[in-house]
Amino acid sequence: MSKEIIKIFDTTLRDGEQSPGASMNTEEKIGIALQLEKLGVDIIEAGFAAASLGDFEAISRIASKIKTSTVCSLARAIDSDIKSAGEAVREANMKRIHTFIATSSIHMEHKLKMTPDEVIKRAVRAVKYAREFVDDVEFSCEDAGRSDIGFLKEISDAVINAGASTINLPDTVGYRLPHEIGFMVKEMSKFIGNRAIISVHNHNDLGLGVANSLEAILNGARQVECTINGLGERAGNAALEEIVMTLKTRSDIFSNFETNINTKEIYPSSRMIANITGIEPQPNKAIVGKNAFAHESGIHQDGMLKNKSTYEIISPESIGLDMSDTLVLGKHSGRAAFRDKLQKLGFSINDEELNLSFEKFKALADKKKDIYDDDIRALVTSETVHAPKVFELVSMQLMDCTNGVPSSAITIKHDGIEITDAGIGSGTIDAVFKTIDRISGYDGRLMDYSVKSVSKGKDALANVTVQVTFNDDEPAIIGHGLNIDTMEASANAYINALNSYLSMTGLLKKRYCNEEERI
Ligand code: KIV
Ligand code: ZN
């Protein structure tokens, strides 16, 4: 008997980007979308076109590059939002508009200040208008988890008649328990039948996002919305990797279902998102956390040596994680061996990117004894997915600040010219960032700074993430820098944030024209 497909709707680039500190520039979003396509997600929610010109541009560029996944934009149930969404996904092979309005009494009364009848009218109008741009329209009943089921049926009936083919029932505030979600989905499924696909979108405020999504599948949902590493608003969304691996591992329970996900791309996708956002999954995170396959206790290790099935329900290989991940390349290794390693890790990069990455690899191999797969992943991601390098660090010197005034001398390339200047600060990092400001002419304000090691060892690569505002009216920009030297990684992160800012300037301007339009 053929199995039913559970569609995987990935919203890492939209709901995931709403995680504090997870904003990404256009190049990064394109890199992620291409990886999601490789992973096999059915629908990529590439952003919220009306939110900013930057979002619009990123969705349009993703739409023109993605071939096998549907590209989707979110839109409030407002004409101007739907128009932006329709225009942004226009070039896509397969396109969808996802429009939504809140359906719970709390939201309708306090947020929308609209009656249920007005909400239905607005929803129907939105879906009809969206159908003028695309054939595939998804409608979400925002806060469905706290909505009256009778009203959910009424509005779903109306929007299906207006042309929606997917009805999404988000537990927007992550309030519901699995049996409650199961009940809601079962009721809605009986009511809707095969007139539309039922989708769920579960937030994780009580840590139940994945459990709720699985219960929804058992009760009739055929699409789940989720994110890589469980990124998302507040406590995040249901994690894609956990849903997919549960369906696969517990195929005894989910015997009628399968997904189109190539699970071997799960780990590479997780690393890419962590490298780009600077948000590491917690070490004990299911499936992709650093400790997910580590066996610490002697009893467990003994069992594993005798037979892996004693303590392992998922093999690391099934998610694309090679546990013997020390690169046997060293500083004398050639380009061919390096290219071979990249192929094994699933990177398909052009010759120019290969040359740049190889140069960086050689420089790293000169300084670092053991190079792990995660080092290579981080290095190649930072070389291939970044905003245009308007400014580029050439060299830097720091003055010892133990007793004296912290100072730095930095050379930066801009427009083919090398500019050198020096500056002081209240600490070394302050001195470095102030010197970069002097050279670039932009005055950045550091909002957040964090440093993490990519792999293990005292000589580990440092991955620095900064959040910088270059204009108080605009959101903070994220920058990343990777280097064995933490100070150089910091300088690179700051310059990377500036480059992202420049590539987004003019695109950041909010497109909402007036307050009334904000729902
Ligand atoms: O959580 C939510 O309700 C959403 C909708 C916009 C689908 O993200
Ligand atoms: Zn959400």
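Which residues is Ile-167 in contact with, leaving aside its neighbours within four places in sequence? I took this up as the opening entry, working on a predicted model.

**Entry 1: Ile-167.** With those neighbours set aside, I found Ile-167 in contact with Phe-139, Ser-156, Val-159, Ile-160, Ile-192, Ala-196, Ile-197, Ile-198 and Ser-199.

**Entry 2: nonpolar cores.** I then looked up the core to which Ile-167 belongs. The largest nonpolar core has 92 residues, and Ile-167 is listed with Phe-139 and Leu-169 as having the most contacts inside it. Helix α5, residues 116-131, gives this core its largest share, 8 residues. I also noted a second, separate core of 24 residues, with Met-396, Ile-436, Tyr-494 and Met-504 among its members. As background, I recorded that nonpolar side chains tend to be buried together in soluble globular proteins.

**Entry 3: shell of ligand 1.** I listed the residues that surround ligand 1: Arg-14, Asp-15, His-98, Phe-100, Ser-140, Glu-142, Pro-170, Thr-172, His-201 and His-203. By class, I recorded 5 polar, 3 charged and 2 nonpolar residues in this shell. Strands β5 (95-102) and β6 (136-142) each contribute at least two residues to the shell.

Entry 4: For His-201, I found a side-chain N or O atom 3.1 Å from an oxygen atom of the ligand; for His-203, the corresponding distance is 3.0 Å. Finally, I noted that ligand 1 taken alone exposes 260 Å², of which the protein buries 94%.

Notes: Residues numbered from 1 in each chain as written. Chains lettered and ligands numbered in written order. Predicted model: local features only at pLDDT ≥ 70, side-chain atom pairs only at ≥ 80, totals over all residues. Heavy atoms only, no water. Near = heavy atom within 4 Å. Polar contact = N/O pair within 3.5 Å; in protein donor to acceptor, adjacent residues only side chain to side chain. Areas by Shrake-Rupley, 256 points an atom, 1.4 Å probe, with all protein chains shown as cover. Helix = DSSP H or I, 4+ residues; strand = E, 2+ residues; numbered from the N terminus. Nonpolar A, V, L, I, M, F, W, Y, C, P; charged D, E, K, R; others polar. Core = buried A, V, L, I, M, F, W, Y, C linked by side-chain atoms within 4.5 Å. Buried < 20%, exposed > 50% of the residue type's maximum accessible area, 1.4 Å probe, protein only. Contact = heavy atoms within 4.5 Å.
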